[in-house]
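Hello,

Here is the structure you were waiting for.

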Amino acid sequence: MSEKEFDAGIYFIGHISTPWTTRDMCPRNPMETDKICQVILKEEFADGLKSIEGCSHILLFYWLDQADRNRLQHQPPIDDKIHGVFALRSPSRPNPIGISAADLVKVEGNVLTVRHIDCLDGTPLIDIKPYFVHADSKPDATVDWHQKRSNPLPPRG
Ligand SMILES: C[S@@+](CC[C@H](N)C(=O)[O-])C[C@H]1O[C@@H](n2cnc3c(N)ncnc32)[C@H](O)[C@@H]1O
């Protein structure tokens, strides 16, 4: 990254434990996998979990710590065109924040068992929010370049 001043500081509030240790092994999006994973919150933030057990789905925000933060454009494998990182879900971006809408399977103390997440084992956790259908779901959403992409989506798994 070029010489820049930070605009904000964030705490890593925990980490995410997943079966994937290399980027190649990782699912490319949360719906590509239904493997069970664990979100481990630091004890000092555990009070913030009060009432979360009643949430069927949660939004997980994490720091894609192995990402390239300098890249602003990228050619995804599924297209022959270059796109800006803000039109992509690529981990490469100035602030490499990842997001997954995960199923919340179980809460045990400071450990959340979840399904549908796509990050490497040990990825730092930034935030957890409840998923609200009325606020977060846009079933008619479209991404033009993705619909017109040159290459088919590779098979899952
Ligand atoms: C396409 S990104 C999408 C991330 C998130 N679901 C989102 O939309 O913000 C998912 C890919 O990021 C990469 N990745 C996962 N964990 C990472 C980490 N800790 N650092 C850098 N890259 C990571 C893996 O290659 C994975 O397939």
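What share of the contacts in the protein chain with a separation of 6 or more comes from residues 24 or more positions apart? The share is 74%. Two residues are in contact if their C-beta atoms, placed from the backbone, lie within 7 Å.

Some ground rules. This is a predicted model: local features need pLDDT of at least 70, side-chain atom pairs count only at pLDDT 80 or more, and totals for chains, interfaces and linings use all residues. Residues are numbered from 1 along each chain as its sequence is written.

The fold. The protein chain has eight strands and two helices. Their order from the N terminus is β-β-β-β-β-β-β-β-α-α. Helices (H or I, at least four residues) and strands (E, at least two) are DSSP runs, numbered from the N terminus.

Dimensions. The C-alpha atoms fill a box of roughly 45 × 40 × 30 Å along the principal axes.

Burial. Of the 157 residues in the protein chain, 18% are buried, meaning that 20 or more other C-beta atoms, placed from the backbone, lie within 10 Å of the residue's own.

One residue in detail. Leaving out residues up to four places away in sequence, I117 touches I16, T18, P30, C37, L60, S100 and A102.

Best wishes

Note on methods:
Buried ≥ 20, exposed ≤ 12 C-beta atoms within 10 Å, placed from the backbone.
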